[in-house]
Amino acid sequence: MQDWGPVFVSVVLFILLTPGLLVQIPGRNRIVEFGNFQTSGLSILVHSVLYFGLICIFLLAIRIHILNFFSSEMADWAPVIIGVVLFVLLQPGLLFSFPGNGKQLEFGGMKTNGKAIFIHTLIFFALYAILILAVHVHIYTG
């Protein structure tokens, strides 16, 4: 039985915490800016720390599961680690943005747009689901 809980939580957090979509902390001109579709290395770092904290709470403390609500397994850190790494690497504007603002593919522009966030979310979902559900990557702690 597949547990879609980590996939669902990770994708929702990816969307909500993408810098520039809803909020950017820190913003370019203020501490907090809303819906500016901008990003920066510092914003990605801050949002990644928030992502890490929230995914730990939802997956390790609360243990959100879909199809398997009661589990006595040890803590599996793979969904957290894979989620955080993919969250950072797939932020539109950090390494690349597809589609870019002026071109089909832009590298390191630190800008994003609605289409890029949507495409990057799909890529995040696909990679995360493959690693967690198909490949069954696990990192257990005692």
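Helix 1 and helix 2 are roughly antiparallel to each other. In this predicted model, the axes of helix 1 (residues 5–17) and helix 2 (residues 41–61) cross at roughly 155 degrees. They come within 10 Å. The angle is over 145 degrees, so the pair counts as roughly antiparallel. The crossing is right-handed.

The residues that meet across this pair are listed below.

| Helix | Residues in the contact |
|---|---|
| Helix 1 | Gly5, Pro6, Val9, Ser10, Leu13, Phe14, Leu17 |
| Helix 2 | His47, Leu50, Tyr51, Leu54, Ile55, Phe58, Leu59 |

The residues of this contact divide into 11 nonpolar, three polar and no charged. An α-helix has 3.6 residues a turn, so residues three or four places apart point the same way.

**Helix 4**

Helix 4 (residues 114–134) has 21 residues. From its first C-alpha to its last it reaches 29 Å, close to the 30 Å expected at 1.5 Å a residue. Its buried residues are Ala116, Ile117, His120, Thr121, Phe124, Tyr128, Ala129, Ile132 and Leu133. What covers them includes helix 1, helix 2 and helix 3 (78–89).

**Tyr128**

Tyr128 lies in helix 4. Tyr128 is buried, with a relative accessible area of 0%. Which residues does Tyr128 contact, leaving aside its neighbours within four places in sequence? They are Pro6, Val7, Ser10, Leu59, Pro79, Ile82, Gly83, Leu86 and Leu133. Pro6 and Ser10 also belong to the helix 1 side of the contact with helix 2, and Leu59 to the helix 2 side. Val88 is 40 residues from Tyr128 along the chain, and their C-alpha atoms are separated by 13 Å.

Key:
Residues numbered from 1 in each chain as written. Predicted model: local features only at pLDDT ≥ 70, side-chain atom pairs only at ≥ 80, totals over all residues. Heavy atoms only, no water. Axes fitted to C-alpha atoms, helices over the stretch in contact; angles between N-to-C directions. Helix = DSSP H or I, 4+ residues; strand = E, 2+ residues; numbered from the N terminus. Parallel < 35°, antiparallel > 145°, perpendicular 65-115°, else oblique. Left-handed = near helix turned anticlockwise from the far one by under 90°. Contact = heavy atoms within 4.5 Å. Nonpolar A, V, L, I, M, F, W, Y, C, P; charged D, E, K, R; others polar. Expected span 1.5 Å × (residues − 1). Buried < 20%, exposed > 50% of the residue type's maximum accessible area, 1.4 Å probe, protein only.
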